[in-house]
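Good morning, and thank you for coming.

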Amino acid sequence: MSAQLAAHANSLAAYSTSTGEAFQFWILGTVAVIGALCTVFMKKAVHSALCLAGTMIILAVFYLANGAYFLGIVQVVVYTGAIMMLFLFVVMLVGVTAADSLKETIKGQRWLALLCGLGFGILLCAGIGNASLSEFNGLTQANSGGNVEGLAALIFTKYVFAFEITGALLITAAVGAMVLTHRERTERAKTQRELAGERVRANKQLPPLPAPGVYARHNAVDIAGLLPDGTPSELTVIKTLRDRGQIRDVSDEAIKDLKALEQRSEERLGREEREEEAAK
């Protein structure tokens, strides 16, 4: 009797939706749809990729809410964290601007894209209709041995071909990104001897640049080193900090410290001499 009641309760739970689940679905579902539309209609590729990442995170929340914990974590770590970051890196490396050519290089690609979109819409409608008209089995049977085991059984049995095709597609995308970002050098790289000869002819700094900071006092990169006469040397600070005006001039401060040190030394020597005379 108890087993029948448990089965009846599970069937009712499969058909019923709580208020919290409904609220979560309509709020997050609306945000996910807006993110998907922004992915398609955004003018900049980086913004589209970010919107797609947000949509994937919401899908992970749906997976977690439905008991597919492993799939939800994989959605965040693999798809959002790895694949979407790969997309962003490809966009930043290759560069997608508004100056791209709009001329069609493949004839009939618009009709092919339209047919593919139509076919995807039919499959989507068929899947939603099948899910709304058929009976719900719930997740009890699918996760009987655990969510990881149930997911592995589907990936490596029923959907193994689609899984392998997806892996090949991702590898192809990674190789394509490396090929597109590779640039052949248009001129021969100069050797160290040639660069040194150019510095000699241009009367530039031949030895390595001196280190920044005042020795034994400062070691910051924004503090110029002092020459023997106490004046700061601009060569000890990189050009970027000089252009920004972010150099800290401590020459006066260093000279004051030296004078104070000399004065303390003189006072100490005078005190020692007086103590020696008093001892005699």
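Is W26 buried or exposed? W26 counts as exposed, because its relative accessibility is 60%; buried means under 20% relative accessible area, exposed over 50%, and partly exposed in between, with a 1.4 Å probe and protein chains only.

A note on the basis of these values. This is a predicted model, in which local features need pLDDT of at least 70 and side-chain atom pairs count only at pLDDT 80 or more, while totals for chains, interfaces and linings use all residues. Residues are numbered from 1 along each chain as its sequence is written, and side-chain values use heavy atoms, with hydrogens and water left out.

I turn to the aromatic rings. Across the whole structure, a search finds three aromatic pairs. Rings of Phe, Tyr and Trp (its six-membered ring) pair if their centres lie within 6.5 Å; planes under 30 degrees apart count as stacked, over 60 as edge-to-face and the rest as tilted. F25 and W26 are edge-to-face, because their planes stand at 75 degrees, with ring centres 5.4 Å apart. F25 itself is partly exposed, at 46% relative accessibility. Together with F62, F25 and W26 form one aromatic cluster.

F156 and F163 have ring centres 5.9 Å apart and planes at 65 degrees, so this pair is also edge-to-face. F156 counts as exposed at 53% relative accessibility, whereas F163, at 40%, is partly exposed.

Among the buried residues of α3 are C51, M56, I58 and F62. Just after α3, G67 takes a positive phi of about 95 degrees.

Definitions and conventions. Helix = DSSP H or I, 4+ residues; strand = E, 2+ residues; numbered from the N terminus.
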